[in-house]
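Welcome, and please open your viewer so that we can walk through this model together. Each stop gives you something to select and tells you what you will find there.

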Amino acid sequence: MHRVTLQPSGLQFEVEDSESVLVAALRQGYVLPYGCKNGACGSCKGKLLEGTLDYGVYQKKALPDEEKAQGKALFCQAKPLGDVVIEARTIGAAKDIPVKTLPCRVQTLRRLAEDVMVLQLKLPANERLQFLAGQYLEFLLKDGSRRSFSMGNAPHADELVELHVRRVIGGQFTDHVFGKMKERDILRFEGPLGVFFLREESPKPVVLVASGTGFAPIKSLVEDALRRGIERPMTLTAGASFACRSISR
Ligand code: FES
């Protein structure tokens, strides 16, 4: 077990021997920025100020050697080899929301288009999924894989969790949603996850761009902003593709 001190916040948390800095931080409710969690995107990059790290496996384009020489590290991969002090930005608002693993029941399945299904999920009694508008959850499937979907409901409308699922041909999970899934089926998920949400400290106008089922987190964000009376100008651009069928006579 090692101790990580985050700068400039001064927050501290423990890291188990087998854990990356990011996994340990998230487990303890501190949200560091991340994207792929796989050493490929660079979203989790920060700086080592004191101590030593096992840098793990990553792609050079995400952490070129010259950046590593300057002390940079990918915290989704890096494991402390002792107590460390690192420089990393924390997502202040999300860290207060615990990430939970919960069962849920499919309450309704509503087909909006040939390849789009809206799922509404009911949580156990006394459970609500607290989240920031824009975040997502991950279904935990029996084979150990995960599937991510953004919440389409606003956080205040938390009686049911709404997800927009687009069918991916040959996609094991979405084929199931469009084929065998039925109301009252039980699923398990982990959430909320992700760092896509409105940064409220900024006064700048907001431009939102969405396409297809990527509209779900934007819908959540806009409904949340309207409910809370946020007065920043917001522009929403949404696109969708339409399947055209030829009719032969
Ligand atoms: S989250 Fe993508 S490289 Fe770490």
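Is lysine 182 buried or exposed? Select lysine 182 and show its surface: at 51% relative accessibility, this residue counts as exposed, because the cut-off for that word is over 50%. Keep in mind along the way that you are looking at a predicted model.

Histidine 176 touches Met181 and Asp185, if its neighbours within four places in sequence are left aside. To see where histidine 176 belongs, colour residues 172–178, which form helix H3. Histidine 176 is partly exposed, with a relative accessible area of 32%.

Next, select aspartate 175 and arginine 167. Here is another salt bridge between side chains, again with 3.2 Å from N to O. Aspartate 175 has a relative accessible area of 28% and is partly exposed; arginine 167 is partly exposed too, at 27%.

Time for the sheet. Switch to a cartoon view and look for an open sheet of 6 strands, paired in the antiparallel sense and ordered S11-S10-S13-S8-S9-S12. Which strands stand at its edges? They are S11 (146–150) and S12 (160–166); each has a single partner strand, so one side of each is left without a neighbour in the sheet. On average, neighbouring strands here are turned by 40 degrees against each other, direction ignored.

Zoom in on S8 (residues 100–113) and S13 (residues 186–193), an antiparallel pair held over 6 bridges. Pick lysine 100 and look across to S13, where glycine 191 is its bridge partner.

For the last stop, select arginine 146 and glutamate 190. Their side chains form a salt bridge of 3.2 Å, N to O. Arginine 146 lies in strand S11 and glutamate 190 in strand S13, so the pair ties together parts that are 44 residues apart in sequence. Arginine 146 is partly exposed at 37% relative accessibility, whereas glutamate 190 is buried at 19%.

How values were computed: Residues are numbered from 1 along each chain as its sequence is written. This is a predicted model: local features need pLDDT of at least 70, side-chain atom pairs count only at pLDDT 80 or more; totals for chains, interfaces and linings use all residues. Side-chain values use heavy atoms; hydrogens and water are left out. Two strands pair if DSSP finds at least two bridges between them. Helices (H or I, at least four residues) and strands (E, at least two) are DSSP runs, numbered from the N terminus. Axes are lines fitted to C-alpha atoms, for helices over the stretch in contact, and angles run from 0 to 180 degrees between N-to-C directions. Buried means under 20% relative accessible area, exposed over 50%, partly exposed in between (1.4 Å probe, protein chains only). Contact means heavy atoms within 4.5 Å. A salt bridge is a side-chain nitrogen of Lys or Arg within 4 Å of a carboxyl oxygen of Asp or Glu.
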